[in-house]
Amino acid sequence: MTQIAITCGIYASPYRVIDALSALYQCTVYEDPVLVEQTGQAYDLKTDLIFKSIQCRQIPFDNFTHDRKKCLAALKVQISQNILNGPCLFSGILSHLIPASVSGIYRIMSATPMQVRRQRAMNIDHLSSQAATNAIARSDHGEQRFAAQLNLDSLWDPARHNMALEWKKIDAAAHDMTIEAVNQGLEKIRSDIASSTENADKIIHALDFNISARVDAALAGLGHHLIIESDSGHVLVTLDRKVMNLARAQKEIMDLAGEVPGVKSVKTKIGPNFYKGGIVPNWDLTAPFKRKN
């Protein structure tokens, strides 16, 4: 079952490559706005709130509502469900919510040239050249904040991708890659996917991603900083930040996670950052004490 994820920013989708891959592998295409719309409808969340969560923008009273955690967890559930439903092609940045442990995802990076993105913005949204440049810059800055939420230095790390699209040949009229360039890229992608080993582990990993995502959604309201892993339904929840009452937090996690369908067992552990403090006073204990007269 072919799963493809293309990393690209706003006004940067390689449409001709997407169309060719979708036709070749019979993939359903999910661009980021589609995933956000699906998630909003499925989990009764406002799309504006989901976009704020992705872009790490301010959400009122989030320390109490934990809306950001809830939105990102819901996105993971929706993405995992789409994967289980059949061949997918994700286009945008939200595919980075898929853990590296999920095998069988062929990742493509598209560093679409600025002139192509700017022209698309001007044509699609009728922006001036400067307004288009500003809109792209704001969006790119939001993508960097999204990467930081995932503890990534960048979404554009070549080590996280199987290949990078070449934009050396551009069709100026279509604001896209030329047909020749698309066909060349398609040959490499087809060869890479054909040479990859097909095995049942890919399905198991996708199922575990779905289980861990649903556990994440069930626990999001607690507001804790958690790392959630699933191995054939056996869930390990790591608390990676200090909590006021550890025993109570562990019980809440065990109770809520244990009710998620597909979970066979739940264990908790303390992560490496759990005991790291916040502000440390800088006291100079070696300085002599002097009393003022």
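Reader: Which side chain does lysine 251 meet in a salt bridge?

Author: Lysine 251 pairs with aspartate 255, at 2.8 Å from N to O. A salt bridge here is a side-chain nitrogen of Lys or Arg within 4 Å of a carboxyl oxygen of Asp or Glu. Keep in mind that this is a predicted model, where local features need pLDDT of at least 70, side-chain atom pairs count only at pLDDT 80 or more, and totals for chains, interfaces and linings use all residues. Residues are numbered from 1 along each chain as its sequence is written, and side-chain values use heavy atoms, with hydrogens and water left out.

Reader: Where do lysine 251 and aspartate 255 lie?

Author: Both are in helix α10, 4 residues apart, about one turn of the helix. Helices (H or I, at least four residues) and strands (E, at least two) are DSSP runs, numbered from the N terminus.

Reader: Is lysine 251 buried or exposed?

Author: Exposed, at 54% relative accessibility, while aspartate 255 is partly exposed at 38%. Buried means under 20% relative accessible area, exposed over 50%, and partly exposed in between (1.4 Å probe, protein chains only).

Reader: OK, new topic. How many salt bridges does the whole structure have?

Author: The search finds 11. One of them joins aspartate 171 and arginine 16, with the closest N and O atoms 3.2 Å apart. Aspartate 171 sits in strand β6 (residues 170-171) and arginine 16 in helix α1 (residues 15-25), so this pair ties together parts 155 residues apart in sequence.

Reader: And how accessible is aspartate 171?

Author: Aspartate 171 is partly exposed, at 23% relative accessibility. Arginine 16 is also partly exposed, at 23%.
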